[in-house]
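Have the model open beside you as you read.

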Amino acid sequence: MDRIYFTTPIYYVNAQPHLGHTYTTIIADTLKRYHRMRGRDVFFLTGTDEHGDKIAQAAAADDVDPKAYADRISGLFRSTWDTCGITYDYFIRTTDDYHKATVSRILQHIYDAGDIYFGEYGGFYCYGCERFFTEKELQGGKCPDHQTRAAYINEKNYFFRMSKYQDRLLEILNENPEFVTPQRYRTEVLALLREPLEDLCISRPRSRLQWGIPLPFDQDYVTYVWFDALINYVSALEHHGEDTFNAYWPRCNHIIAKDIVKPHAIFWPTMLMAAGLPLFHRLNVHGYWIMDKGKMSKSLGNVIRPLDMKERYGMDAFRYYLLREMVFGQDATFSMEAFVNRINADLANNFGNLVSRVLAMQKRYFGGVVQPMGNGDRPEDRELKQAFQEAANGVDRYMEDMHFHRALEAIFAALDRANQYIVQTAPFTLVKDPDQKPRVGEILHQLLESVRITGELLSPFLPETGAAVRELLGLPATDGLRAEWGGSFPEGHEVRPPRILFPRIEETEDAGE
Ligand code: ME8
């Protein structure tokens, strides 16, 4: 069976789940549901990153010990994903014992192989990113992401011979143009590799930082957060047994935003090479959500919380906006006004209205009982069928490249066609002529089929809607996709009366305030 492994970043526990985390996690969830519907065996990993300076500082500010603090925020991430219906297979915490054991084992392996050495280094460090920056990367001495001044740190530490693997990494990027995707991020990585790579400082003296995994070969030091964090992708699978690791690891698709490209595209593959492990399959990088009032960050206080959005508008509306609005790889602006317009136009007016109208006519004209479909050879019938076949093909094509917005566009193009079909065939007029009643039955059957396929195609993106459509159509829940046209309703099958799937949103207030 085809296997595939999706990972999100493991999120730092110094912040509560916000829009950015939710976006990446929703993408992974959509991919899991989509591939599972296509009969593939998917493993989806998420979790929390719990060691390091900033967690220790956040815990101190809260006056609790770091583990208690991490337990609380990690629990919050997990319960948020549970409430949002995210179908992760495993939730990893870097404070889990098996993870710490894997990190130690890999460190020891690399140390024994001679790729970790002791030395002294001074450089500019951003605590927000938990990494050193070259002077070129800084903007006026500040971290370009956090806009905070990088601190100069000089101390004795352990270093990973990352430079040794630079040429091999470059070869891999050249041999495999999709190793980092979309292209713009591959180009960014290639630009970083044009300069000689420095070796990576992988430790912190315990005298300065207690909250980390001790180095197996020197207990006076703890390992550096990225060395600890990146290994989660391997330790989580290993924790499920060697077979699980061997089955999924070669099919590993990492999903991250552009903020952590360097650790994932440079530190991580070179670490894997040094550890003697195969490389991941692909690094998929998305852009940043920007609030319409500026960059989204908790320090700016304009944070969109997933649970608030779910509570107010429903999870599917939130998912739809995020997946439809952002072009994978590019930045997107989050605006409540655009959110309201998008939901009202696409979900309430276009899709919701179609479902209501079709079910209402089915009820009024035939007591809800589905009529024969006819042979479907009229041009308008053929066009309708073709529109949904194109939508199904479009979804498959666009999902290959994570073009979620295009996949949704393809589905909505077919819905536009269905709405035109109602206008064109005018069943509400035809029904007045008793001789035309069988034709009205055929038209409605084809519209019900349109609604069914839409529900199925939408269900990885909007799982609650997919389930609601099946329920309205009186069809049992299913895991697989049936995109073929016709043969879905047995003779005498009865569909339910309409109900509103997506209420129109009348307000335009800013949910971020
Ligand atoms: O970097 N737009 O954790 P983190 C889109 N622990 N996505 C965003 C976003 C935004 N404005 N803000 C955050 C870490 N994200 C490390 C990762 S992995 C081995 C260790 C999402 O809590 C996006 O996925 O800062 C980004 O890469 C991630 O949150 C950073 O999460």
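The model being predicted, local features need pLDDT of at least 70, side-chain atom pairs count only at pLDDT 80 or more, and totals for chains, interfaces and linings use all residues. Residues are numbered from 1 along each chain as its sequence is written, and side-chain values use heavy atoms, with hydrogens and water left out.

The domain bounds come from an automatic or database domain assignment, and the table gives them with the figures for the pair.

| Item | Value |
|---|---|
| Domain 1 | residues 3-286 |
| Domain 2 | residues 325-472 |
| Distance between C-alpha centres of domain 1 and domain 2 | 42 Å |
| Area buried between domain 1 and domain 2 | about 1600 Å² |

Buried area is the accessible area (1.4 Å probe) that two parts lose on being put together, summed over both. Carbon and sulfur atoms give 66% of the area between the two domains. T30, Y34 and M37 supply 29% of what domain 1 buries against domain 2, more than any other three residues.

Now for the charged pairs: two salt bridges link domain 1 and domain 2, each a side-chain nitrogen of Lys or Arg within 4 Å of a carboxyl oxygen of Asp or Glu. D396 and R38 form a salt bridge through their side chains, at 2.9 Å from N to O.
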